[in-house]
Amino acid sequence: MGDVRELRKAFASLNDTAWEQLGTYFQMLVDWNEKVNLTAITDETEVYVKHFFDSLLIASSSESESVLASSHRICDIGTGAGFPGLVLAIAAPGKHFVLVDALAKRLKFLQSVVDALALKNVDLVHARAEDFSRQKQYRESFDLVVSRAVAKLNVLCELTLPLVKVGGWFVSYKGPSVEDESAEATHAIGILGGREAFMQSCTLPLDMGTRTLVGIRKDRSTPKEYPRKAGTPQKAPL
Ligand code: SAM
């Protein structure tokens, strides 16, 4: 694969500090990955495109860009090794991010990246989304919730929409084709107080594939019984 410096133009929205921070993040990701299972992708160019660029897709197209621009408190559910949440936090130091994951070892990795980069705009929470979104301080408190590669859309909406303020957004990072998943989620989205507002197709550089962002707007408060207890959303999707 080529030199990542050739990709700098594709990351034109990032300033030099953020670009350098991505370099440190990449190095820590591959170093830690030898001991902790963080990613199947370790080639430098692929990490930059399929993890870093992919995480920033929300800022690259018109509808989702305006959602991001108007959001100040942002949560990433099932952030794993920090995608998309930590990359967005590096790109947008003026916004506040809460990154949630159920696996402690991934949080440990994220904490050392946050420390190494001296990021002041990130909180890390070790929890299952089902329990996290029942906590008063977090419920319906975010302008925007994002999530990538965690569950099918109908399940994911039960984990994320309870966290979104009325008038806020959930943006789901999905693969190239999401039509069936989206149709299957219509019922759940309605029950949880949301409405699918856009579906945006995006292309990765270097012919590394296409992705879809699904934007769900929260119109009404989520009924208190959701999310159901941990494990139920996955076993019996709405
Ligand atoms: N979002 C990252 C990405 O795109 O690379 C990680 C994806 S990984 C396949 C899924 C992550 O979601 C795992 O780190 C897992 O621990 C987390 N996860 C799955 N279900 C969860 C839940 N109910 N609450 C919190 N985290 C969850």
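1. Basis. The model is predicted, and local features need pLDDT of at least 70, side-chain atom pairs count only at pLDDT 80 or more, and totals for chains, interfaces and linings use all residues. Residues are numbered from 1 along each chain as its sequence is written, and side-chain values use heavy atoms, with hydrogens and water left out.

2. Ligand surroundings. The ligand is surrounded by 16 residues, the closest being Gly78, Phe83, Asp101, Arg106 and Arg148 (near: a heavy atom within 4 Å of the molecule). Polar contacts are pairs of N or O atoms within 3.5 Å; within protein, one must be able to donate a hydrogen and the other to accept it, and residues adjacent in sequence count only if both atoms are side-chain atoms. A backbone N or O atom of glycine 78 is 2.8 Å from a ligand nitrogen atom, and a polar backbone atom of alanine 129 lies 2.8 Å from a nitrogen atom of the ligand. Aspartate 101 places a polar side-chain atom 2.7 Å from a ligand oxygen atom.

3. Annotation. An unreviewed UniProt entry carries the annotation "binding site" for Gly78, Phe83, Ala129, Glu130 and Arg148. From this set, Gly78, Phe83, Ala129, Glu130 and Arg148 are in the lining of the largest pocket. UniProt positions are in the numbering used here, feature names are shortened, and annotations may be inferred rather than shown by experiment. On a 1 Å grid over the protein atoms alone, a pocket is an open set of points where a 1.4 Å probe fits, with protein on both sides within 12 Å along at least five of seven lines; lining residues have an atom within 4 Å of a point.

4. Glutamate 130. This residue sits in helix H6 (residues 129-132); helices (H or I, at least four residues) and strands (E, at least two) are DSSP runs, numbered from the N terminus. Glutamate 130 counts as buried because its relative accessibility is 2% (buried: under 20% relative accessible area, 1.4 Å probe, protein chains only). Beyond four places in sequence, glutamate 130 touches residues including Leu159, Pro227 and Arg228 (contact: heavy atoms within 4.5 Å). A polar atom of the glutamate 130 side chain is 3.2 Å from the backbone nitrogen of glycine 231.

5. Arginine 148. Strand E4 (residues 142-148) holds arginine 148, which is buried at 16% relative accessibility. The residues touching arginine 148, beyond four places in sequence, include Gly78 and Phe83. Its side chain has a polar atom 2.9 Å from the backbone oxygen of lysine 50.

6. Glutamine 200. With a relative accessible area of 7%, glutamine 200 is buried; it lies in strand E6 (residues 194-203).

7. Nonpolar cores. A nonpolar core is a set of buried Ala, Val, Leu, Ile, Met, Phe, Trp, Tyr and Cys residues joined through side-chain atoms within 4.5 Å. The largest has 53 residues, and Phe11, Leu22, Tyr25 and Phe52 have the most contacts inside it. Helix H1 (residues 16-33) gives the largest share of this core, eight residues. A second, separate core of 30 residues includes Cys75, Ile77, Ala185 and Tyr226.

8. Isoleucine 58. The loop between helix H2 (44-55) and helix H3 (62-69) contains isoleucine 58, which is buried with a relative accessible area of 0%. Isoleucine 58 and valine 171 are 113 residues apart along the chain, with their C-alpha atoms separated by 8.2 Å.

Terms used. Buried means under 20% relative accessible area, exposed over 50%, partly exposed in between (1.4 Å probe, protein chains only).
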